[in-house]
Amino acid sequence: MSLAMSNSLIHIIGGGLAGSEAAWQAAEAGVDVVLHEMRGVKGTDAHQTDAFAELVCSNSFRSDDHEQNAVGLLHEEMRRCNSLIMRAADQHKLPAGGALAVDRHGFSAAVTEAISNHPRITIRREEVAVWPPADWQHVIIATGPLTSPALADAVLEKTGEDSLAFFDAIAPIIHYDSIDHDIAWKQSRYDKAGPGGTGADYLNLPMDRDQYYAFVEALKTAPLHEFKDWEKVPYFDGCLPIEVMAERGPETLRHGPMKPVGLTNPRNPTVKPYAIVQLRQDNALGTLWNMVGFQTKMRYGIQTDIFRMIPGLENAQFARLGGLHRNTFINSPKVLSPDLKLKADPRIRFAGQVTGVEGYVESAAVGLITGRMSAAEAKGGSLAIPPATTALGALIGHITGGHIEAESYSGARSFQPMNVNFGLFPEVTITKPEGVTRWRGPEKTIAKRRAITSRALNDLKAWA
């Protein structure tokens, strides 16, 4: 194909989850795509390979329950929209209770192979360091949390905005055979089985009260990586480093990643642990396990000492220690139109985490929508935004019509990264089943979520 003069050509900058999904959707719609990815010629602070859709943090896509969980609903909607990301995730899923976890290397390899072999996708390994040239008529910027500094500067200049930024911290990964299996036991919280799971998909490490408080004190005094230019950056609550949680109060971790609920130690079933650390399988072979919720910015030298305080990890060998990378995102409600176009330059759409969504699946979902919408326009048509009643539409609605007012007490913009959740959906009316006079326990919540998800899939079918 001829790339130079085609007005229907789509240029996509960034080969992460959003860029890969956007390229796939546009190409599958019959439009030629150039995918620009700088990894291969220039690395980032967090990526380890030049493969597409590399997972640099957790290997979990979170819940896969499409009837009772908003991200599970998003999974299902994307599957019904021929999502490459979801196809690769399903092909390389690992047991993880109620979650959809993937073998990160197999997943990324599958996406890379599909993109590389698509006849309508041309890959260019290069850094796009300037604003897209005027002869690029259809552009998607999907550079993610690690946008190259040169392009980030160009975006800021074009939008006239200051960037918002927060830290994403990476959890450590441990070699399975270095864990003390006389202490650890396998169990999913509440014995819940998920995709490919058995209900015993996590390794659990118990702590008594004294062990827990000694661990918290060690976290609070640990030396941290310091980045002077980033010191006053807010964290996203869904990915807080554990030492930041420890600083918020001695019980914070017990109500977060170390909560002891829904789990029973079979070796001592009558004694409830004061806190529990969970490990989740990280690769298909089961040789690597990651510490769930244990993102950290501690210096490497101290990490092994502190994590070996956890019962069962006294001799742990780490395949990868925790790390830290910067995440930047634009003030989407102010600078983007409802169809994700940049108001200052409507040739440009943004996709992925740079728009202010949080999470692998959410990032890919925005890529899916931008890929489809750009393809429709490149072919001389248009595509409506998904209904607000769908997970896809609710997510787009948040980032393009979310909070833009300044917080009166600080002057800071209130728009912050967001996972998909039922709070983003329009209200739904439910009625009690015949013969039921009052809701019992969680019955009303279950019925409401089922009504939201059923409505979403019906409305998605009409849109798609």
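**Notes on a predicted model**

1. Start with Ile174, which sits opposite Phe318 of strand β14. Strands here are DSSP runs of E with at least two residues, helices are runs of H or I with at least four, and both are numbered from the N terminus. Two strands pair if DSSP finds at least two bridges between them.

2. A word on the source: this is a predicted model, where local features need pLDDT of at least 70, side-chain atom pairs count only at pLDDT 80 or more, and totals for chains, interfaces and linings use all residues. Residues are numbered from 1 along each chain as its sequence is written, and side-chain values use heavy atoms, with hydrogens and water left out.

3. Now the open sheet. Its six strands follow the order β10-β11-β12-β13-β9-β14, with antiparallel pairing. Which strands stand at the edges? They are β10 (185-186) and β14 (318-320); each has a single partner strand, so one side of each lacks a neighbour in the sheet.

4. Helix α6 (residues 209-221) packs on this sheet and touches β11 (202-207) and β12 (275-281), while its direction makes about 95 degrees with that of β11. Contact means heavy atoms within 4.5 Å. Axes are lines fitted to C-alpha atoms, for helices over the stretch in contact, and angles between N-to-C directions run from 0 to 180 degrees.

5. Next, strand β1 (residues 10-13).

6. Strand β1 has parallel partners. Four bridges join it to β7 (residues 138-141), and four bridges join β1 to β2. Ile12 takes part in both pairings: its bridge partner in β7 is Ile140, and in β2 it is Leu35. From β1 the chain crosses through α1 to β2, a right-handed β-α-β crossover (with the strands pointing away from the viewer, the path from the first strand over the helix to the second runs clockwise).

7. Finally, two backbone angles to check. Ala53 has a phi near 55 degrees, positive although the residue is not glycine, and lies in the loop between β2 (33-37) and β3 (60-63). Asp191 has a positive phi too, near 60 degrees, and is found in the loop between β10 and β11.
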